[in-house]
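Biologist: Please take a close look at the aromatic rings of this chain and tell me how they pair.

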Amino acid sequence: MTRLTALNPEEATGKTKDLFNAVQAKLGVVPNMMRTMGNSPAVLEGYLNLSGALSHGKLGAKTGELIALAVSESNSCDYCLAAHTYIGEKLVKADPAVLQAARTGNSTDAKTEAVLQFAKTLISKNGLVNDEDVNKVKNAGVTDAEIAETIGHVALNILTNYFNNTANTEIDFPAVSSLK
């Protein structure tokens, strides 16, 4: 049972209605996470703005989805695992095996694996990484800009994971369970 209410887009007003209309226009639907975030237009707008900004970054959509899966697995967020598996398969056209490997921080591409492992390290160390952690990702060819974006993706996904785990958001994507 959900703990926070997912708003009906037809009944929303004000800033929330405007944000829902923008999401509907872009995606064709307002997913339950965003409907629930709509209880606070500030939270929904912040999420949408950071997500939008990162979508134009150097890492690209596929790596962003892989980071989302690695973080969501670390935080046992079934909603985000389902959403990002669906997005990864249907929109980014990533191979299901690539998506599955990302959940444990693995990739057949060394640079992508370094990014995913760094994301996992950020989570496990609560952001308190050391010189060795940063040098390891840099030595794999990851630039300072890409490291900064990795941190941004991790932060964005911590927000959504914590939000959905707290709200117990009803999953409106094909279900995917945590490996834990």
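**Aromatic pairs**

Two aromatic pairs are counted, where rings of Phe, Tyr and Trp (its six-membered ring) pair if their centres lie within 6.5 Å, and planes under 30 degrees apart count as stacked, over 60 as edge-to-face and the rest as tilted. This is a predicted model, in which local features need pLDDT of at least 70 and side-chain atom pairs count only at pLDDT 80 or more, while totals for chains, interfaces and linings use all residues. Residues are numbered from 1 along each chain as its sequence is written, and side-chain values use heavy atoms, with hydrogens and water left out.

Tyr79 and Phe173 make an edge-to-face pair, with 5.9 Å centre to centre and 80 degrees between the planes. Because Tyr79 lies in helix H5 (residues 78–90) and Phe173 in the segment after helix H9 (144–167), this pair ties together parts that are 94 residues apart in sequence; helices (H or I, at least four residues) are DSSP runs, numbered from the N terminus. Tyr79 counts as buried at 5% relative accessibility, and Phe173 counts as buried at 19%, where buried means under 20% relative accessible area, exposed over 50% and partly exposed in between (1.4 Å probe, protein chains only).

Tyr86 and Phe173 form a tilted pair, 5.6 Å centre to centre with 50 degrees between the planes. This pair also links distant parts of the chain, with Tyr86 in helix H5 and Phe173 in the segment after H9, 87 residues apart. Tyr86 counts as partly exposed, at 34% relative accessibility. Tyr79, Tyr86 and Phe173 together form one aromatic cluster.

How values were computed. Helices (H or I, at least four residues) and strands (E, at least two) are DSSP runs, numbered from the N terminus.
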